[in-house]
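Dear colleague,

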Amino acid sequence: MFEFLLPDIGEGISEAELISWSVQPGDYVEEDQELATISTDKVNVELPSPRAGTVRELCWQPGDIVKVGAVFLRIETSAGADDTSHQSDSPGGQPHKVASPARIVVSPESTTPLNRDNAIVAAPSTRKLAQRLGIDLSTIAGSGQDGRILTRDLEATAAASPSLKAGSVRCEALIGARSAMAERMAYSVHTLAHSTMSFEVPGDGLLALRERLASAARADDIKISMSVILSKCVASVLTRHGRFNATIDEEARSLLLHDEVNLGLALASGRGLSVPVLRDVHNKGLTELAREVSDIVIRGRNGQLQLKDYRDGTFTLSNTGNLEQAAILSARPVINAPQTAILWVSKIKTRPRVTDDRLEAGPMMNCSLSFDHRFIDGADSVNFINELALCFERPEQALAPA
Amino acid sequence: MVSRTSSASHSKTGDKSATSHPSSIPVCPLANAAANGIRQVIDSDGHLTGDLAEPDIPNDELIRLYETMVLVRAIDDRGWMLQRSGRVEFWIPHRGLEAVHNAATLAFDAKDWIWMGYRHPGVMLLRGAPLLQLFTQFFGRVGEPLKGRRLPTMMGDGRINVVPMTTQVGSYIPHACGAAWGAKLKGHDTRFLAIFGDGASSRGEFHSGMNFAGIHKPPIVFICENNGWAISTPQSLQTASATFAEKGDAYGIRNLRVDGNDPLAVYSVVREARELAPEQGASLIEAITYRMGFHTSSDNPDLYRKQEEVAIWEPWDPLTRMRKYLTGKALWDDARDEALWTRCKSDIADAVNQAEVLDFPHPATMFDDTFQDLTWMLEEQRAQLLADLEEPT
Amino acid sequence: MSAVSIAASNETTVLEALKAGMAHAMEADPDVILLGEDVARAGGIFRTSTGLFERFGPERVIDTPLDEKGIVAHGVGLSLYGLKPIVEIQFSGFIHDAFEHIMFCAARYRWSTGGQYSCPMVIRAPSYGGIKGGFWHSQSVEAYFVHHGGVKILCPSTPEDAYRMMLAAVADPDPVLLVEPVPLYRSLSSSFELDGVPAIIGQAAVTRGGRDVTALTYGPIRYQVEQAAREVAEKSGIETEVIDLRTLIPYDIETIVQSVKKTGRVVIVHEAPLSMGFGAELAAVIQEKAFGYLHAPIQRVAAPDVPYHFSIGDEHYRPNAKRIRLAIKRSMEFEF
């Protein structure tokens, strides 16, 4: 049975009024024979039959409004098989004449109110990281603006629950600051020609200076730590040994010698190693430096250090004194590229030593200087160390009034 | 033939035919061709009464011309029915317009390029395109060179030097002119024909094309097929110029008016214009004819014109005139005519049956021929489309 | 001076590079012709084609009537017949009359004829601000032509790019819009071989490497972006990776994504107005392809959605280094 669907006879009409039939059920019609007259808002038309056959059913009455696409009448064709006008089996062959679109009704139950409390705010990269770490973001309180979950929040979670894998293996993912440090370490070691010289100095002068400053200070004055004193010493020597206060331009294969001494202080923080920079150390006084160091340490602890705090370093000082219990004799510190050198110093400890040809016990500080042998040679290093040692031994003399 | 311009008495549309009309119903201008400056060979009875001499066309070509005109008429009758019965999406009738494009195509050589409009299927047929190719295009199926991408009747085929038209009427006037100019620059003898309507002549492209043509004198014949209407806009609202031909004067282009329902006259002036083209450059020929049918299947002429006005053109039907002329020359008779009509309808029926069951193009083919080589953007879009198609739901 | 013989290149300006490209293409293929207003006897109002008329004659270098629509439309016709026309639109602000023939004709003949016909033509559009041109002479129009496909769009910002892209545009079998950088015509020159080697269409250039933020741009504003990059490096230690897109259609998605995956932050800069500009497409496709790598919202720095102002436009309408720098900083300051 052929079903003649009412066609769109003129660019987007959606319905038509049936005016009159030209055939009756039982009539035999030829292809293109007139079936009916319909009226649209554009025109009156006679509809020809798409098929030859016997009219079986007229589906509408004159006066009815018929929607485009509705079954208009049925014709029994000789083919017999079920047949609908505009049927196509080819891919993509959809009849694009659609009856007027169904009205979309929004049922009250289907709307989900936007619940601000449930919203998870996180950058795409943070979400991806959370997924990788297996962290459910909905369990984390974000410490960023608007409650945004930050990567350090993820790191804190990861650190707090180290068992991210079941079983006897714990996974520490290389993320955030640790990841950056890993990259920098690898780069430095692979690119620079590390050479290390170790030396020792008597610590009497340093201890005495620290003691004197502490006793001269008022109660509310900031404490001048050993790191601050060492920083001033190192800075003053650096002003006379430019190649150690320099950075490397790898592309230009040259050394940039800096007037200012920007000293990086290696600090251990909750997030791992960080090396914030004290600027223009040589031109600042001990007190000012002490304040800056204190500020940096506090901010470092609170994770508030910013990018600019790490920039433009020209030399790095690593003092593990606070951490040492064992007597560490030397180190092979990794240079903080693009700098050319780094100095490690130990805790000042009492050890056997020879003074004026006499064996005695006295405070000694061990130091190791790593330098980039591509730009600095051994003689330079020895000269530098000589002056450094002198400065550490007699800090009072070496420190010009700031 | 069933008139499709019946002014319905039904109340819904009855009022619409009262739209005001700028002028009273005229006499057909072809009846006073000479006085109206319209070149003509035969009168409405096919007698050689016109100012133009009978052209020298071999008899077999005359018959081929007439047979094609009849086939073109038969295609229009069938196409209309197909659209109204929902089998073809859209139809653009060409009843009454059989003379201009067929005679003009005959006047041009096979190697010449033709830009035709959408009421000119005879251009394709005369140059050898099979009927099946035309109906495949009407149904938008696989198997014809335009790959189902165009509305029905917007045809062409580069293999027979018929350039598929741009749908924006008139936009191809400077394209055709540019191509003709190109042939001239390269020293080729290819000639060019562009057929467009009265409405198209108002578009800026007409001005651009005529202007360039006047300056550079490319070997092109422009035919402005003035069928009286651009949808509902009569000539009087399309231009204040007395004729379309005279617009050529403004650009230094030779121009004339011809009886567009007289295939012999059209042939004569077009052939002459083609011959003169290398020396004199472009010609603008205004062919006076009449659009007997609707603008398209979405139109309703009752809104803007009266049936009486259409009726004055019936005696000037190009098929009738040509048949009478051929009969007068003992080249034709009623029996042959009946046989011709039967054959045309049968051939068309075959083409319809074959074309209607052809496949639609696969969606992936939408991406072909965008650039010569697909960009990665198109590759991705195609891949996504295909992947989505593969999904069951 | 014989304008076609470029001084045995010490340096070639953008203008000279465009001319050298045209000259080379016309020398190599007799089907290549140049048409436009004032291109022949006057050598073009910018003198981009000086000398070509004398060298190639009136049938290959053609002065047209004042009719942008007609220029492009006849170019379409010429290309359909098999010539390779280079058509000049005097200023891109005048291109709108020809829009149909670029986007709906030249860009459509191949597809709508099932591949039987095509339009291998070049449309030259002198563009961009910095010349006190106001909206008639400085408006960016390339964004109109990126939508809908069918036209390739090249945006050179260096003399070498101008030369090689001209060659690539002429050689391409499809229509190409060559967006010429007017403010750089004479002010930018460089030394390179005029060796007839065309550019590869669809390749971006990383003009400055960086790890912190990716800046995407095209056209002369690229130099403002590089200025901003230098400034943020100096002032804040931010390392910006600057990418000159060079082609808009098709654009180099691989270079873009590779950079974004490295930096996680994006700033897009273009002279054309902001809304629904090319930057919008880039933002969409970046979040599509590198979503998980993004640390911060994608920033766009562009002109406002208003016409190009005459007297203050060059400074305040176009993005400038300061605005770009601020956008970079905003991107960097976003906590993730």
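How far apart do the C-alpha centres of domain 1 of chain C and domain 2 of chain C lie? In this predicted model, the two centres lie 27 Å apart, where domain 1 covers residues 12-190 of chain C and domain 2 covers 205-333. Across the boundary between them, 23 residues of domain 1 of chain C are in contact with 22 residues of domain 2 of chain C. On the domain 1 side, helix 6 (134-138), strand 6 (152-154) and strand 7 (176-181) of chain C each supply at least two residues, and that side comprises twelve nonpolar, seven polar and four charged residues.

Chain C also meets chain B, with 31 residues of chain C in contact with 34 residues of chain B. Helix 3 (68-81), helix 4 (99-106) and helix 5 (109-112) of chain C are the elements that give two or more residues to the chain C side, and helix 3 of chain C gives the most, with ten residues. By class, the chain C side divides into 13 nonpolar, twelve polar and six charged residues.

In chain A, there is an open sheet of four strands in the order 5-4-2-7, with antiparallel pairing. Strand 5 (44-48) and strand 7 (65-67) of chain A each have a single partner strand, so one side of each is left without a neighbour in the sheet. The twist from one strand to the next averages 45 degrees. Strand 4 (residues 34-39) of chain A pairs with strand 5 of chain A in the antiparallel sense over five bridges, and A:Glu34 stands opposite A:Pro48 in strand 5 of chain A.

With best wishes

Methods. Residues are numbered from 1 along each chain as its sequence is written. Chains are lettered from A and ligands numbered from 1 in the order in which they are written. This is a predicted model: local features need pLDDT of at least 70, side-chain atom pairs count only at pLDDT 80 or more; totals for chains, interfaces and linings use all residues. Two residues are in contact if their C-beta atoms, placed from the backbone, lie within 7 Å. Ala, Val, Leu, Ile, Met, Phe, Trp, Tyr, Cys and Pro count as nonpolar, Asp, Glu, Lys and Arg as charged, and the others, Gly among them, as polar. Two strands pair if DSSP finds at least two bridges between them. Axes are lines fitted to C-alpha atoms, for helices over the stretch in contact, and angles run from 0 to 180 degrees between N-to-C directions. Domain bounds come from an automatic or database domain assignment.
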